[in-house]
Amino acid sequence: MERILITKEGYQGLKDEHRSLIKVERTNIINAIEVARAHGDLKENAEYHAAKEKQGFIEGRIQRINHLLAHCEAVDVGSIKEKKITFGATVTYEDMDTEKTTTWMLVGEDEQNIKAGMISVQSPIAKALLGKSAGDEVVIRVPKGDIEVEITSVVYKSPTVLSKYSQPK
């Protein structure tokens with residue numbers, strides 16, 4: 001089985017989410033199911049069915065996190081000393097037509113967060129950037145068509161925004 005790359009902050013976020021799901025969410029949903037059962041006929045009890053559905057979601061997420069934690073490799077991005085773009089790089093590029101500047105951090109699939117500027121290293125944009133360096137010109141294929149960009153900077157710094165992990169899935 002191939003190791004799943006994740007930042008050390010993403011790894012800690014998964015551990016925190018796992019702990020919350022088991023200690024808080026699982027307990028809360030068990031209590032909600034008990035309360036709903038007390039209301040009588042389960043066939044027509046929407047509260048009971050909603051709680052059972054949520055329980056299934058929580059248990060599925062716990063299993064997913066268990067799998068990720070067992071198979072991932074946490075990377076300390078701040079310690080990477082590389083000039084070329086690899087996992088963990090924060091890349092800034094300028095669209096050569098519009099002169100618009102964009103910055104992305106290339107992270108593991110399960111920690112991507114577009115709003116925080118974190119995209120999967122498996123995404124089409126990241127794949128076009130991998131192995132390149134500052135000053136390189138690259139054509140990136142996106143749904144709206146090809147864009148030609150110039151990479152203006154490549155840095156390796158730990159992510160600071162991981163709000164995706166602050167709330168259970």
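1. Let's start with Asp16. At 34% relative accessibility, Asp16 counts as partly exposed; the label covers anything between buried (under 20% relative accessible area) and exposed (over 50%), worked out with a 1.4 Å probe and protein chains only. Accessible areas themselves come from the Shrake-Rupley method with a 1.4 Å probe, and for residues only the protein chains shown count as cover.

2. Before going on, a word on where this comes from: you're looking at a predicted model, in which local features need pLDDT of at least 70 and side-chain atom pairs count only at pLDDT 80 or more, while totals for chains, interfaces and linings use all residues. Residues are numbered from 1 along each chain as its sequence is written, and side-chain values use heavy atoms, with hydrogens and water left out.

3. What does Asp16 pair with? Its partner is Arg19, in a salt bridge whose closest N and O atoms are 2.7 Å apart. The term stands for a side-chain nitrogen of Lys or Arg within 4 Å of a carboxyl oxygen of Asp or Glu. Both residues sit in helix α1 (residues 8-37), three residues apart, about one turn of the helix. Arg19 is partly exposed too, at 41% relative accessibility. As for the naming, helices (H or I, at least four residues) and strands (E, at least two) are DSSP runs, numbered from the N terminus.

4. Now look at Arg61 and Glu17, whose side chains meet in a salt bridge at 2.9 Å, N to O. Arg61 belongs to helix α2 (residues 46-71) and Glu17 to helix α1, so this pair ties together parts that are 44 residues apart in sequence. Are the two buried or exposed? Arg61 is buried, and Glu17 is as well.

5. Another salt bridge to find joins Asp146 and Arg141, with 3.1 Å between the closest N and O atoms. Asp146 is partly exposed, its relative accessible area being 44%, whereas Arg141 counts as exposed at 62% relative accessibility. Searching the whole structure turns up seven salt bridges.

6. Next, the negative surface patch. Which residues form it? They are Asp97, Glu137, Glu148 and Glu150. Patch members need over 30% relative accessible area and no salt bridge; like charges are joined within 9 Å, and nonpolar side chains (Val, Leu, Ile, Met, Phe, Trp, Tyr) within 5 Å. Glu150 can be found in strand β7 (residues 145-156) and is partly exposed at 32% relative accessibility.

7. Ser153 is partly exposed, with a relative accessible area of 24%. Ser153 and Glu94 are 59 residues apart in sequence, yet 9.8 Å apart in space, C-alpha to C-alpha. Asp95, in strand β3, is buried, with a relative accessible area of 11%.

8. Glu99 deserves a look for its backbone. It lies in the loop between β3 (89-95) and β4 (101-107), and its phi is near 65°, a positive value in a residue other than glycine. Most residues other than glycine have a negative phi. Glu99 counts as exposed, at 59% relative accessibility.

9. Back to the helices. Asn28 is in helix α1 and is partly exposed, with a relative accessible area of 44%. The C-alpha atoms of Asn28 and Ala51 are separated by 9.7 Å, though the two are 23 residues apart along the chain. Lys52 has its place in helix α2 and is partly exposed at 34% relative accessibility. Its C-alpha lies 42 Å from that of Lys144, 92 residues away along the chain.

10. Finally, the whole chain. How many helices and strands does it have? There are three helices and seven strands, running β-α-α-β-β-β-β-α-β-β along the sequence. The chain has a radius of gyration of 21 Å, whereas a compact globule of 169 residues would have one near 15 Å; the radius is taken over C-alpha atoms, and the globule rule is 2.2 Å times the number of residues to the power 0.38. The C-alpha atoms fill a box of roughly 70 × 35 × 30 Å along the principal axes. Of the 169 residues, 37% count as buried.

How values were computed:
Lys, Arg positive; Asp, Glu negative; His and termini not counted. Charge placed at Lys NZ, Arg CZ, Asp CG, Glu CD.
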